Every structure is written in C-alpha cells, then in structure tokens.
Amino acid sequence: KYLYQYEDFKIHIRKNGFSYESYRKLDSSVNIHRIDFNFINSSGGTFEEKDLKHFRNIRVFFKDDEYYKSLCQKIIQKNVWEGVDVEYIINQETGAFKYNYIVSTPEALKKIKLSINGQESADISNGVLVLSTTNGDIKEVIPESFDANNHNIDVNWILENNNIHFS
C-alpha cells in the first residue's frame, strides 16, 4: 500500500503488516534481504493519512529530494486489532522511520501479535529486538505505546517461535 525508501533501506506498509528491505551492493550485483512483520489475528484496519508527503501509494521519495526536506508525515492504521492503532512516522530531519502502538486500554496491548519472517535469526538483547540478515543486523527498540489519553504504557518484547508480542 505504501512505500518509503531511505538510502539502502525500504519500508513497505501493507494492510496486514509491514516489511523491511535492505540492499547491499556487491561487485556486480545487489544483495536484497527482506523481513516481513505480519499482523496475527488482525482485521488490517483502515489507513488515515496525516500530512502525507513522503509515503505514497507505490510512489517513492528519496531523502535528498528538495520536496522531502521540507515535509513531515505520519500514517495511522486504525483498529489493526480492536482498540489498537499503529502509527507510522518519518522523522523530518533524519529520515528515520519508526512506529508506535496506540491502545485504547492497557488490556488491548495483549492483542498485538506479529509473525516475523525472512530473518536469518531473531533475538532480544537488553530490550532490543535484533534481526540478523545477510546485509547485517536490524535493531528494533520497543515501539512507544500509549493509551487513548496519550499516557505512556510500559511494555516489553516477548519473542516465541518467530512471533512477537508484548507483556
């Protein structure tokens, strides 16, 4: 549905999850490694675009574009699970991508479950999810999680059989 590219990294946002693609140039070829995060038991929700400028439906913007440099943006995927929205954000200054979970109640956090596919290995080290790929490690910090009143909710990753959820 949406695609964002930053340097040698692409992020695909889909109705049923999101994906990372990393690229590494070799002598005469390019090595591509893709990791899919698939929502488990999710309706997929609906998309709400806020100041949508970097992400586009199958359109790519690069960080060096003048158009990119003056913009900020956010996509909210509403009701991915009942009472859970996913907020995708591009940092205007750094080009960094992050996502947050917005939950209606602390109990709704228990509905968030994702399967991770494509990595060579996955591990949690000091609260950081480390996904090994042929192009190096991808490190994920725990997404910020908020209740409907914008209060932070303290969460921890739980990784079981390439599925992730929170405690």
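The largest pocket is lined by 25 residues, and those nearest its centre are Phe9, Phe97, Ile138, Lys139 and Glu140. A pocket here is an open set of points on a 1 Å grid over the protein atoms alone, where a 1.4 Å probe fits and protein lies on both sides within 12 Å along at least five of seven lines; lining residues have an atom within 4 Å of a point. Two or more lining residues come from each of β1 (2–6), β2 (9–14), β3 (17–25), β8 and β12 (136–141), with strands being DSSP runs of E, at least two residues long, numbered from the N terminus. The top contributor is β12, with six residues. Sorted by class, the lining comes out as 13 nonpolar, six polar and six charged residues (nonpolar: Ala, Val, Leu, Ile, Met, Phe, Trp, Tyr, Cys and Pro; charged: Asp, Glu, Lys and Arg; polar: the others, Gly among them). As for space, the pocket holds about 540 Å³, taken as what is filled by probe spheres set on the grid points, which are joined across faces, edges and corners.

All of this rests on a predicted model, in which local features need pLDDT of at least 70 and side-chain atom pairs count only at pLDDT 80 or more, while totals for chains, interfaces and linings use all residues. Residues are numbered from 1 along each chain as its sequence is written, and side-chain values use heavy atoms, with hydrogens and water left out.

Now to the sheets. β12 belongs to an open sheet of three strands, ordered β10-β11-β12 with antiparallel pairing (two strands pair if DSSP finds at least two bridges between them). β10 (121–125) and β12 sit at the edges with a single partner strand each, so one side of each has no neighbour in the sheet. Six bridges connect β11 (residues 128–133) and β12 in the antiparallel sense, and Thr133 has Gly136 of β12 as its bridge partner.

β1 and β2 belong to an open sheet of seven strands, which runs β1-β2-β3-β4-β9-β15-β14, again with antiparallel pairing. Here the edges are β1 and β14 (157–160), each with a single partner strand. Even so, four of the five residues of β1 are buried, so β1 is largely enclosed by the rest of the structure; buried means under 20% relative accessible area, with a 1.4 Å probe and protein chains only. β1 pairs with β2 over five antiparallel bridges, and Tyr4 stands opposite Ile11 in β2. The two strands make a hairpin with two residues between them, and Glu7 in the turn has a positive phi of about 50 degrees.

Tyr20 and Phe97 are edge-to-face, at 6.3 Å centre to centre and 85 degrees between the planes. Tyr20 is in β3 and Phe97 in β8, so this pair ties together parts 77 residues apart in sequence. Phe97 and Tyr99 are tilted, with ring centres 6.3 Å apart and planes at 40 degrees. Relative accessible areas are 4% for Tyr20, 17% for Phe97 and 6% for Tyr99. Ring pairs link these residues into a cluster whose members also include Phe9, Trp157 and Phe166.

Key. Buried < 20%, exposed > 50% of the residue type's maximum accessible area, 1.4 Å probe, protein only. Phe/Tyr/Trp six-rings, centres within 6.5 Å; stacked < 30°, edge-to-face > 60°.
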